[in-house]
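Look at the sequence and the structure below, then read on.

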Amino acid sequence: TDRFAPSDYDKADGCDNWYDYCGGTWKGIENHLDYIQDLGFNAIWISPIPTQKEGSYHGYHFTDLWGINSHFGTREDLKSLIKAAHAKDIWVMLDVVANHVGNTNEDVSQIQP
């Protein structure tokens, strides 16, 4: 999700720090569904959606399994992407990474499973 497309086309000039978020969002993906469909794809696999430890753009360090990664957008943005994709017969796969949590220095009270 993060490396694909920002919501704001003005930010589409690249990423300065590959170790952090680069601005890709669910709205950015939604804005490019025609492009994805024109490539012949009928499914997309987006990054894990739970709230992440800051800097965890890849989605493998969740801190709140029930939360939404605000770097990618809101719950409504995610629902909108899924609805728009389905309208184009594009499936949306969610990457679920239940066995990876953010580094807590062994203080598991920071994790909301």
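## Salt bridges

A salt bridge is a side-chain nitrogen of Lys or Arg within 4 Å of a carboxyl oxygen of Asp or Glu. Side chains of opposite charge can pair when their charged atoms come close. This is a predicted model, in which local features need pLDDT of at least 70 and side-chain atom pairs count only at pLDDT 80 or more, while totals for chains, interfaces and linings use all residues. Residues are numbered from 1 along each chain as its sequence is written, and side-chain values use heavy atoms, with hydrogens and water left out.

How many salt bridges does a search of the whole structure find? The search finds two. One joins K88 to D34, with the closest N and O atoms 2.6 Å apart. This pair links distant parts of the chain. K88 sits in the loop between α3 (75–87) and β4 (91–94), and D34 sits in helix α2, 54 residues away. Helices (H or I, at least four residues) and strands (E, at least two) are DSSP runs, numbered from the N terminus.

K27 forms a salt bridge with E30. Here the closest N and O atoms are 3.5 Å apart. Both residues belong to helix α1 (residues 26–31). They are three residues apart, about one turn of the helix.

## Exposure of the charged residues

Buried means under 20% relative accessible area, exposed over 50%, and partly exposed in between (1.4 Å probe, protein chains only). K88 has a relative accessible area of 28%, so K88 is partly exposed. D34 is partly exposed because its relative accessible area is 44%. K27 also counts as partly exposed, at 28% relative accessibility.

## A nonpolar patch

F4, Y35, L39 and F41 form a nonpolar patch on the surface. Together they have about 430 Å² of accessible area. Patches are made of residues with over 30% relative accessible area and no salt bridge; like charges are joined within 9 Å, nonpolar side chains (Val, Leu, Ile, Met, Phe, Trp, Tyr) within 5 Å. Accessible areas come from the Shrake-Rupley method with a 1.4 Å probe; for residues, only the protein chains shown count as cover.

Y35 lies in helix α2 (residues 33–38). Its relative accessibility is 46%, so Y35 counts as partly exposed.

## The whole chain

The protein chain has three helices and four strands. From the N terminus, they run α-α-β-β-β-α-β. Of its 113 residues, 36% count as buried.

The accessible surface comes to about 7300 Å², and 53% of that belongs to carbon and sulfur atoms. Among contacts (heavy atoms within 4.5 Å) between residues at least 6 apart in sequence, 60% join residues at least 24 apart.
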